[in-house]
Amino acid sequence: MYTQTILKFLSDFDYINLHPRAALIDMDGTLYDSMPNHARAWRQMAAEIGIDLPEADFFRYEGRTGASTIDIIFREAFGRGATEEEKKELYRRKTEIFAEMPPVSPMPGARQMLEFLDAVGIKRVLVTGSGQSTLLNRLDEDFPGAFQKDLRITSRDVKIGKPSPEPYLKAMELAGVRQNECFVIENAPLGVEAGHAAKLFTVGVNTGPLRQEELSEAGADIVFPSMTAFSEALPYLIYGFITNSRNLN
């Protein structure tokens, strides 16, 4: 199963095989069903400074750091970038709005995914564009032991952030793996784009309102309609990784 998808990836990046030792995993919309709250918080923050944007826009911005998102909002609305002071203050306000919303739940299927990865000895590495403590501080409670403190990349650890490959390249360095020894799990087009740019096998999981094709168009090697569907398919995908390699003869 998944043989053609895997062999195409290997051929595209000229890898001989794919033998995963680490899974590089996004947080919002992947581990937590948090993107609706994030989108509403971003929209409210923008409205408070006179900018009217649909919530769907923020699903497309997902994966960027908060500062990068604010800069894009300003460039589109005011024709200029945001100052450092504006970025800091507006991200503080957005974080405040998000924290006042009802708590979000772990994404159905996320625990199953993490438990399977642990059972087969694959490191779990967090790679998120968020720097908000609201969810970061819940990881150990909701997913006990899943993410070691030294295997986490957040917005505090990067200069550029997604869709640049920077976060995933840093995650690989933390995990001590090469590009054919890890894979990416993402729900957002910009995160998928970052994984693809890092030359990593990238799984798209469509947990939001965007068209599934947007994940494929961003570079996802395979797309699943939900985290539950991905978790159920994961054992077969890992088996496919291990048993398929390019025949160079």
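Trainee: Where does Pro163 lie?
Mentor: Pro163 lies in the loop between strand E3 (152-153) and helix H9 (166-175). Keep in mind that this is a predicted model.

Trainee: What kind of peptide bond joins Lys162 and Pro163?
Mentor: A cis one, with omega at about 15°.

Trainee: Okay, another loop. Where is Asp14?
Mentor: Asp14 sits in the loop between helix H1 (3-13) and strand E1 (22-25).

Trainee: And what is its phi?
Mentor: Positive, at about 60°. Asp14 has that phi although it is not a glycine.

Trainee: Then how do H2 and H5 cross?
Mentor: Helix H2 covers residues 35-48 and helix H5 covers residues 84-100. Their axes come within 9 Å and cross at roughly 130°. That angle makes H2 oblique to H5.

Trainee: Is the crossing left-handed or right-handed?
Mentor: H2 passes H5 in a right-handed crossing.

Trainee: Which residues make the contact?
Mentor: From H2, Asn37, His38, Ala41, Trp42, Gln44, Met45 and Glu48. From H5, Leu90, Tyr91, Arg93, Lys94, Ile97 and Phe98.

Trainee: How many of the residues in the contact of H2 with H5 are nonpolar, polar and charged?
Mentor: By class, 7 are nonpolar, 3 polar and 3 charged.

Trainee: What about H4 and H5, at what angle do they cross?
Mentor: Roughly 110°, and their axes come within 9 Å. H4 and H5 are therefore roughly perpendicular to each other.

Trainee: Which residues meet there?
Mentor: Gly66, Ala67, Ile70, Asp71 and Phe74 in H4 meet Glu86, Lys87, Leu90 and Tyr91 in H5. The classes in this contact are 5 nonpolar, 1 polar and 3 charged. Leu90 and Tyr91 are also among the H5 residues in the contact with H2.

Trainee: New topic. How does anyone find empty space?
Mentor: Rolling a probe the size of a water molecule over the atoms shows where empty space is left.

Trainee: How many lining residues of the largest cavity are nonpolar, polar and charged?
Mentor: They divide into 5 nonpolar, 9 polar and 5 charged.

Trainee: And what volume does the second largest cavity have?
Mentor: About 60 Å³.

Trainee: Which residues line the second largest cavity?
Mentor: Phe59, Glu62, Asn187, Ala188, Pro189, Asn206, Thr207, Gly208, Pro209, Leu210 and Leu215. By class, this lining has 6 nonpolar, 4 polar and 1 charged residues.

Methods
Residues are numbered from 1 along each chain as its sequence is written. This is a predicted model: local features need pLDDT of at least 70, side-chain atom pairs count only at pLDDT 80 or more; totals for chains, interfaces and linings use all residues. Side-chain values use heavy atoms; hydrogens and water are left out. Axes are lines fitted to C-alpha atoms, for helices over the stretch in contact, and angles run from 0 to 180 degrees between N-to-C directions. Helices (H or I, at least four residues) and strands (E, at least two) are DSSP runs, numbered from the N terminus. Angles under 35 degrees count as roughly parallel, over 145 as roughly antiparallel, 65 to 115 as roughly perpendicular and the rest as oblique. A crossing is left-handed if the near helix is turned anticlockwise from the far one by less than a right angle, and right-handed if clockwise. Contact means heavy atoms within 4.5 Å. Ala, Val, Leu, Ile, Met, Phe, Trp, Tyr, Cys and Pro count as nonpolar, Asp, Glu, Lys and Arg as charged, and the others, Gly among them, as polar. On a 1 Å grid over the protein atoms alone, a cavity is a set of points where a 1.4 Å probe fits but cannot get out, and a pocket is an open set with protein on both sides within 12 Å along at least five of seven lines; lining residues have an atom within 4 Å of a point. Grid points are joined across faces, edges and corners, and a volume is the space filled by probe spheres set on the points.
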